[in-house]
Amino acid sequence: SSYDYDAPINEAGQATPKYHELRNMLAQYNDGKPLPEVPAAMPVQTVAEFQMTAVAPIFDNLPEPIHSEEIKTMEEFDQGWGSMLYRTTLKGTDSQSRLTITDAHDYAQVFIDGKYIGKMDRRLGEKVLTLPSVREGAVLDILVEAMGRINFGRAIKDFKGIVGDMKLTAEENGHEVTWNLKNWSMTTIPDDYQTAVKAFEKKSDNKGTRGYYRGYFNLKKVGDTFLNFETWGKGQVYVNGHAMGRIWYIGPQQTLFIPGCWLKKGKNEIIVLDVVG
């Protein structure tokens, strides 16, 4: 996968302009002898456009939740990657309120009674979200996706999910009141091919939603190719059971290199988990 590290050879094994600049510079120190030829780029093939016909929304395919008075991280449920859904009920408010999460690692989406309210992106330091007035007992859902781990410095102890407290602040009888949210129902959503396949046991036609999408394409011969996700949201891709990497509409990963050794003649499967729809 491309992580935009400006490598002289790209993820498909192709020489980039930077490679040729480095080669020309190094040639000056080869005692006048010619450098060996650059290997020809591996051919890539075009896959005909195909449809993702099966849909399995995330919220329709949740495993059994785990209940706890206090909020917990993914690691406390022995999950090192993937997503987690946090759910609780709210006290009714007549006006807007503020939801404050000490830390959401790494990308949190907030819903009330199934309606999307907003997101908190760790990269941007977003920790506060304004909520509309809600009915007594409204269901608050927070879907948190782990995006990888910091591997240096003080932040190397990088727990995932919601790390810390979650508070709701609203006006009540003319005074500002803050509640620590408790009594959580938490559902782990592992980030693996087996979980993705299992989701399709209950199908839906609700396209455009957050969830799993599956389609197939046919090949007469195998070879390297790329898949284009410029019209998709954010998530993960599996081809024939192999994890291909992450996609996100903000880039840089909007196309993914697919090595031909993981494709096959005839029918090939692709599953996409799009957490934003």
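Modeller: A strand is a DSSP run labelled E, at least two residues long, numbered from the N terminus. The model is predicted: local features need pLDDT of at least 70, side-chain atom pairs need 80 or more, and totals for chains, interfaces and linings use all residues. Residues count from 1 along each chain as its sequence is written, and side-chain values use heavy atoms, without hydrogens or water.

Biologist: Which strand gives the most to the lining of the second largest pocket?

Modeller: A pocket is an open set of points on a 1 Å grid over the protein atoms alone, where a 1.4 Å probe fits, with protein on both sides within 12 Å along at least five of seven lines; lining residues have an atom within 4 Å of a point. Strands E15 (225-228) and E19 (266-274) each supply at least two lining residues. The top contributor, with 4 residues, is E15.

Biologist: Which residues lie nearest the centre of that pocket?

Modeller: The lining has 20 residues. Nearest the centre are Phe50, Met52, Asn228, Thr231 and Trp232.

Biologist: How do strands E6 and E7 run, parallel or antiparallel?

Modeller: E6 covers residues 107-112 and E7 covers 115-121. They pair (at least two DSSP bridges). Their 6 bridges join strands that run antiparallel.

Biologist: Which residue in the turn between E6 and E7 has a positive phi?

Modeller: The two strands form a hairpin with 2 residues between them. Within the strands, valine 110 has glycine 118 of E7 as its bridge partner. In the turn, phi is about 50° at aspartate 113.

Biologist: Which leucines does leucine 99 touch?

Modeller: Contact means heavy atoms within 4.5 Å. Residues up to four places away in sequence are not counted. Leucine 99 touches residues including Val110, Met120 and Ile142.
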